[in-house]
Amino acid sequence: MRLEQFEYVVATADCQSMSTAAEKLHVTSQCISKAIKQLEDELGAPLFLRNKYGVTLTADGESVYAQGQIIMQAVHTLRKAYALPNYAHDALKGPLRLLSSAALSKLVLDAVKSLSTKHAALNPSVFIKEALELNQYLFPYHPELEDYDFILTSMSSKSLPNCQLLSSRYSIYFLREDRLGVQMSADAPLAHMDKVPLKMLTALPLVAYVTSPSIPSQLFQLTEDFGVKLIPTFVSNSPQSCANYVKNNHAYGLVTLSLLDESLDMPADLVVIPLKERLSLTHLMLVKKSTPLPPHTKAFCQLLLKGFPAYRKLY
């Protein structure tokens, strides 16, 4: 158990929304969601119920919330008694240049917003390219990338051996995103299921989110690699348009945590049921090496890593 987990539970319960709690605490909603899920797994009980209006505490959640209030009040009292500064007062400053693939840009922009809100002297710049184009700059390495402190892109695990060529310039992290599910109307025939088998989707109307009309959907490519070819009936580069189509046409959409977030203005009466199969997208995070690593670069790296269920440092 960690102190921040109780802080997140208390804030989420008070706000009745993870995204609102994230704004209040200046973190991303992915950080809060992951931390609460880890606490639920450790306790062996769900703490929140999610609905179209936000989140509400379960019976176990009420108990943890009460204890969390006591813990956070004790922490507040200690900080006040010993004149300890809040973490938000630790200033980060300076330029930070970030390059992200389009599919992951929302995660990067959310993290930038979180840090910038807390640290006014931070001066971040975010640049976005399609993953295919960005990866062509990485292999072979293009000198233009020297301008960036941080790079985040999606990449097949088959390309990982090539990363060693970049290890002299970057600390390289391998990220796995495995919270994949099927978005549907709450009254859809599959909405009662705990998990949806992938093959069941082959005969259903499907929605595909793409970052560009010329770039195939990563999720649909992933299912094909798994041996199940899915053909979308609707394609859009807007997550909200995809969700609207799902709701208005009794369709189904493949989603992942980098697209599905409470902060997005999604239609009500939609639910997400996890896939039965354990599929995962793979990403790379490259942090320019420096001795010592600038505090603002380190803070951004740590914040983004909190949003992923699994990661490891390669080089």
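Tutor: Buried means under 20% relative accessible area, exposed over 50%, and partly exposed in between (1.4 Å probe, protein chains only). This is a predicted model: local features need pLDDT of at least 70, side-chain atom pairs count only at pLDDT 80 or more, and totals for chains, interfaces and linings use all residues. Residues are numbered from 1 along each chain as its sequence is written, and side-chain values use heavy atoms, without hydrogens and water.

Student: What is the relative accessible area of C15?

Tutor: C301 is buried, at 5%. C15 is partly exposed, because its relative accessible area is 24%.

Student: How many residues of strand β10 are buried?

Tutor: Strands (E, at least two residues) and helices (H or I, at least four) are DSSP runs, numbered from the N terminus. In β10, Y252, L254 and T256 point one way, G253 and V255 point the other way, and all are buried. The strand, residues 252–256, is therefore largely enclosed by the rest of the structure, its buried residues being 5 of the 5.

Student: Which residue of β10 is the bridge partner of V207?

Tutor: Strands pair if DSSP finds at least two bridges between them. β7 (residues 180–185) runs antiparallel to β10, with 4 bridges, and G181 stands opposite V255. β8 (residues 206–209) runs parallel to β10, with 2 bridges. Within β10, the partner of V207 is G253.

Student: Which residues of helix α8 are buried?

Tutor: Helix α8 spans residues 239–249, and H250, with a positive phi near 55°, follows α8. The buried residues of α8 are C242, A243 and V246.
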